[in-house]
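Could you walk me through this structure, starting with the overall picture and then turning to a few places worth a visit?

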Amino acid sequence: MPSSVLWAVDLFGKVYTLSTAGQYWELCKDSQLEFKRVSATTQCCWGIACDNQVYVYVCASDVPIRRREEAYENQRWNPVGGFCEKFLPSDRWQWSDVSGLQHRPLDGVALPSRHWEWESDWYVDENFGGEPTEKGGWTYAIDFPATYTRDKKWNSCVRRRRWIRYRRYRSRDAWAKIPSKDDPEQLPDPFNDLSVGGWEITDEPVGRLSVWAVSLQGKVWYREDVSHPNPEGSSWSLVDTPGEAVQISCGPHDLLWVTLWEGQALVREGINRNNPKGSSWSIVEPPASENGIVHVSVGVSVVWAITKDRKVWFRRGVNSHNPCGTSWIEMVGDMMMVNVGLNDQVWGIGCEDRAVYFRQGVTQSELSGKTWKAIVASRESDRSHSGSSSSLLSAGCFFGDEVRGSGESCAPSDTDASLEADRPGPDQPVPAESVDGPRNSRDSSASGPGTGRTTERAVEVPGPATQTSGPEPGPTTQTSGPEPCPGLASSPAELPWTNIDLKEPKRAPGHSAAGFPETTGLSSMGLLPLGLEEPYGADDHPLWAWVSGGGCAVEAHAVLKWFTVQSGLSPSVQTLSLSIMPAQTAAWRKQIFQQLTERTKRELEHFRHYEQAVEQSVWVKTGSLQWWCDWKPHKWVDVRVALEQFTGLDGARDSILFIYYVVHEEKKYLHVFLNEVTVLVPVLNETKHSFALYTPERTRQRWPVRLAATTEQDMNDWLALLNLSCCESRRVHGRPSPQAIWSITCKGDIFVSEPSPDLEASEHRLPCDQMFWRQVGGHLRVVEANSRGVVWGIGYDHTAWVYTGGYGGGCFQGLASSTSNIYTQSDVKCVYIYENQRWNPVTGYSSRGLPTDRYMWSDASGLHECTKAGTKPPSLQWTWVSDWSVDFSVPGGTDQEGWQYASDFPASYHGYKTMKDFVRRRCWARKCKLVTSGPWLEVAPIALGDVSIIPESPGADRSGHIALWAVSDKGDVLCRLGVSELNPAGSSWLHVGTDQPFTSISIGGCHQVWAVARDGSAFYRGSVSPTQPAGDCWYHIPSPPKQRLKQVSVGQTAVYALDENGNLWYRQGVTPSYPQGSSWEHVSNNVCRVSVGPLDQVWIIANKVPGSRSMSRGTVCHRTGVQPREPMGQGWDYGIGGGWDHITIRANATRALRSRSQETTTDWSGEPGLPSTPSRVAGALLEAHGPVCC
Amino acid sequence: KSFPEKDLLHCPSKDAVEAHFMSCVKEADALKHKSQVINEMQKKDHKQLWMGLQNDRFDQFWAINRKLMEYPAEENGFRYIPFRIYQTTTERPFIQKLFRPVAADGQLHTLGDLLKEVCPSALAPEDGEKKNQVMIHGIEPMLETPLQWLSEHLSYPDNFLHISIIPQPTD
């Protein structure tokens, strides 16, 4: 689980964060301002500063926040000048918005605030609905409000084109003041309280946030249009209240409570997706009339409150349908305030000691938790007292951290020239953490290593923000001190850490104030302590004023390190860490191992000459299972099974599985040699714990042996044992090789197969139904690999995972699993059911259908009844983690309540009602979660939609970084930096700008990057090379006629794409000089996934594959006859199937012995030329190198 | 036949062995965690512990036993170390006392500390020659070995550290 942070404000207004993985409060990176209130979410934090202004702090991420501005240029044709700017009097403006009603000159489009910057200049969008336009992006129409086409016709009298420009939010990792100039009825009086929530009301990509505030006069305000792409929102609007409000709390979902002066609470009702502001208020009386409510905090389905006498109260019975709840329950403890965070976890600030308390034991079933536990984590700044060893450790954990290139962090700027001039001579050439290390108690107060960290980061990208965040009215920081940097100037001699190996130890002498954010960071550090007058002594604990857990995800059973002092002061802790940690090398430990080894030897040696008592061991496991019988009518029949294992004299093992059944009172049996078994697939559903066993013969028949056990444990035991036997008989063990072929079933189970050299041979090719697949723990939707052993996966919840090099996990334990590199993995997916209604003249739409109709609650097909109460998670491994909610993101669109209309049931649905529609349906979704284990580690924090790793041909240079491209779940294209065999997770993402969201990406040999956009067209990325990992620009490639592409895969040279109707296309005419190719050629249909490898081999997952017993969907197929001269191949060879979803063969570069490498590469030398039809002209002259040849 | 009744406890059935084993495990956990861990386990976990031992399936056994070997992060070890010291020279069956793995000052106790406290006669005097061997699992760990580590890694399946004091062989 990635770490998240808890935000808190201390009594002095300093903002700190505490990571769920950390032990120290870290000073907020932008620490100039002092705050009264903060309210956090995972991506940002809103706060009210001491100047009574509202600020938002957007956490930095590798993916920028960017928004498109567009303007249309309109022209009318006249006989004299052709198309020109001469309009009819009734016409629109020459420059307008899309409707033509608004005048919109290019230079009139301004940035909304100074927290935005332009990404580039205006340019013409030449992409028109997935098709490239000609002649400068013009689209033509007869008259202005009309349909535009890309072709100019005889009657085209007007034309227009779209100009686009991107702006980018730049004030990240810094407090950005919310502009207040453009507010309607004058700015509200100063704000008193503020709360952010509502992120679960709408899903991404909207990502709307509800920001509510209460002013000093007791009015309630709502910030309009706050969302992930628009972090500042647009304006404040007043929400009427029946009384004067003092405090407000907004939950992640639809709860909103307000406290009134009179001590009652107001509860907002009617908050939903279409009306995030809600509709009405209702009043909840305080628990006791003499002690009114002074503070409330709400979560998804909990409300906590504090009354005037500082008692803590829990509201019983709160949920979406009843936001008021039923009654108050008094809890123990006296608190100043409480705050409910993610997962309804609760934090509070104690009345007496002002410490932050965490409510322990809060689970979905017990929302009120068990006990308050004080968080005793110390601040980083306090740590500097403890001297060397602890700060050394801390330095280690800082710099082990991923360096997120966030130059626009905070460096407090306002670098007076005088200050800089005062600084001692040529700047101290100190590595960054010296800032942290030697800071002694003298200047340890407010800024601490927090700032030290900033400086370290700032080294990497000197950001432009350093200059701009300056003029902020930060009242306290600019304590213009003539005294230069006391901490550093006074103690340069005590810098013990100068030899620590820093990631970025470069540190330029800072003569100029402008160019070096790091130096400004330093100077500010020297300054800060002067302004504050040593607020706390050496040993007292921090005093807190406010805490916000809205961005802090604590899993119910997670272990936190917040509750122990890690000061490094206590000798016991020190000795412990010193004696235990280097235990690996301690003498006593070595001796124990040595003695144990000797003992074993001694005990065995004497008996070596005895013969083995049993020469050939036969080992039998028997049990009762159910078997899906081979004859009709097919049903589960009870069988006895026995697994016999023989160990031959040579140690080789072989096993036979016997299945004893009774038919017509006659005893029969079936046997399977385990060395013939090709795969064992668990098939879990709501009722049965079953698994399927395939042999090559059974694969061809599309008819596996299916067995079911009564309990999950029983099934796992059998599965693990059978798998172990299969692997033993084939002598496959340990981790998969780097060349392994990976695949995933529709249940998310992961399988891996070792490719034999014959697999891609041109003659005597190994049929792919003979491939042996073994399962690896974990749960994924997508897996991609390359031949240097880098494997990435994507879960159903879009989490990115990287393979750790282990094997086993899941249900495989003991010998079948590696002891290290196995981690917990979780995945979340949605179960969908449909609510169907028919219209009748009396009551309109109702849940009373015709007798012939489908179930009123059904699955997508309508054939099976699925009620809200009766629908179970897909298997017993899954548990519900949310309630049912309407899904609005269904294809075809929905109305405001999520309904889709159609004329009759099995029909196409649309999102609006017409006269002819008699039926409607809506989709309900419910999330369920699975927890398993496997050799996978999460790559936080960006969720992915697709990923691709460069395939490497056998002879290729194996040094250097591995190119890895991905598409985020929002459609951003990303390029991973720093990926290598040793660091398969890489270091950071590089964002690659696009004009629209993308869905699929593939990087082939020679760094050819192809991608598919959400409109179904393909794009080629120019000039990608190891030195220019992100390339320079996109070339638009139209999709095949009337088809929308959904996936692309690029091998060494071959480019294949897949459209939404299951057609597989080959790109013709791809040459080094013209890497975009010329046209699409149809290869096959019924394809749902394609993977093209480094040998240009083509593998797909196909549907409707025939077998002798049944058809099979989701079958692995291998293209036969693929030759350099015949890259499209001839036919398909069918492999394992029946529910496969994904395959990657991009790691397999194992050729057959007869080399054909020369043939394949000859075509690929030659001078790269100038690629034509660039998708944007803004780049002016394009650099003339296409893909680099290998 | 001729079972050494007076030396060994004679268990009449397999169930009795199992019951005896479980009672030892429970006793050990009472010392280590005030029985919290063992009481939170289900019957089937107990069963798995025994079946694992009986069938010589280490992974099966350890999957459960691992939990018995954990201790809260905020502490430095178990509450008390379950151990039994056997001496060949005395009539006492064994020595078993309450002994904490960590000293009041935070120092980890070692095997030597334990013996000094509980069975000083086993230790060789400062200057004198070594008269006894301190054996666990047939090996002689160094006296500097932290007791907590020994308890986690060299305990017998019943979760006790069985320490034998035997006279130094004189050959």
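Predicted model: local features only at pLDDT ≥ 70, side-chain atom pairs only at ≥ 80, totals over all residues.

Chain A has 1190 residues, and 55% of them count as buried. Its secondary structure comprises 12 helices and 71 strands. Among the contacts in chain A with a separation of 6 or more, 59% are between residues 24 or more positions apart.

Next, look inside. The structure holds 9 cavities of 30 Å³ or more, and the largest cavity has about 190 Å³ of space. Its lining is made up of 25 residues, with A:S39, A:S195, A:S249, A:N339 and A:V340 nearest the centre. Several strands of chain A give two or more residues to this lining, including strand 4 (35-40), strand 17 (191-197) and strand 28 (327-340).

Now for the charged pairs. Side chains of opposite charge can pair when their charged atoms come close. Over all chains, the count comes to 27 salt bridges. One of them joins A:R765 to A:D1133, with the closest N and O atoms 3.0 Å apart. A:R765 sits in the loop between strand 42 and strand 43 of chain A, while A:D1133 belongs to strand 70, so this pair ties together parts that are 368 residues apart in sequence. The two partners are placed as follows: A:R765 is partly exposed at 28% relative accessibility, and A:D1133 is buried at 14%.

Another salt bridge links A:E952 with A:R788, at 3.2 Å between the closest N and O atoms. Each of these residues lies in a loop of chain A, and the pair therefore ties together parts 164 residues apart in sequence. Both A:E952 and A:R788 are buried.

What about a charged residue such as A:R160? A:R160 is buried yet has no salt bridge, and the nearest side chain of opposite charge, A:D97, is 7.7 Å away. You will find A:R160 in strand 15 (residues 158-169) of chain A. A polar atom of its side chain lies 3.2 Å from the backbone oxygen of A:V98. Residues that A:R160 touches include A:Y72, A:W138 and A:Y148.

The last stop is in chain B, where B:E140 is found in the loop between strand 2 (132-135) and helix 6 (147-153). Its side chain makes a polar contact of 3.3 Å with the side chain of B:Q133. Among the residues that B:E140 touches are A:Q591 and A:Q595 of chain A, as well as B:K130 and B:M135 of chain B.

Definitions and conventions. Residues numbered from 1 in each chain as written. Chains lettered and ligands numbered in written order. Heavy atoms only, no water. Helix = DSSP H or I, 4+ residues; strand = E, 2+ residues; numbered from the N terminus. Buried < 20%, exposed > 50% of the residue type's maximum accessible area, 1.4 Å probe, protein only. Lys, Arg positive; Asp, Glu negative; His and termini not counted. Salt bridge = Lys/Arg side-chain N within 4 Å of Asp/Glu carboxyl O. Polar contact = N/O pair within 3.5 Å; in protein donor to acceptor, adjacent residues only side chain to side chain. Contact = heavy atoms within 4.5 Å. 1 Å grid on protein atoms, 1.4 Å probe; cavity = no way out; pocket = protein on both sides within 12 Å on 5 of 7 lines; lining within 4 Å. Points joined across faces, edges and corners; volume = space filled by probe spheres on them. Lists of a residue's contacts leave out its neighbours within four places in sequence.
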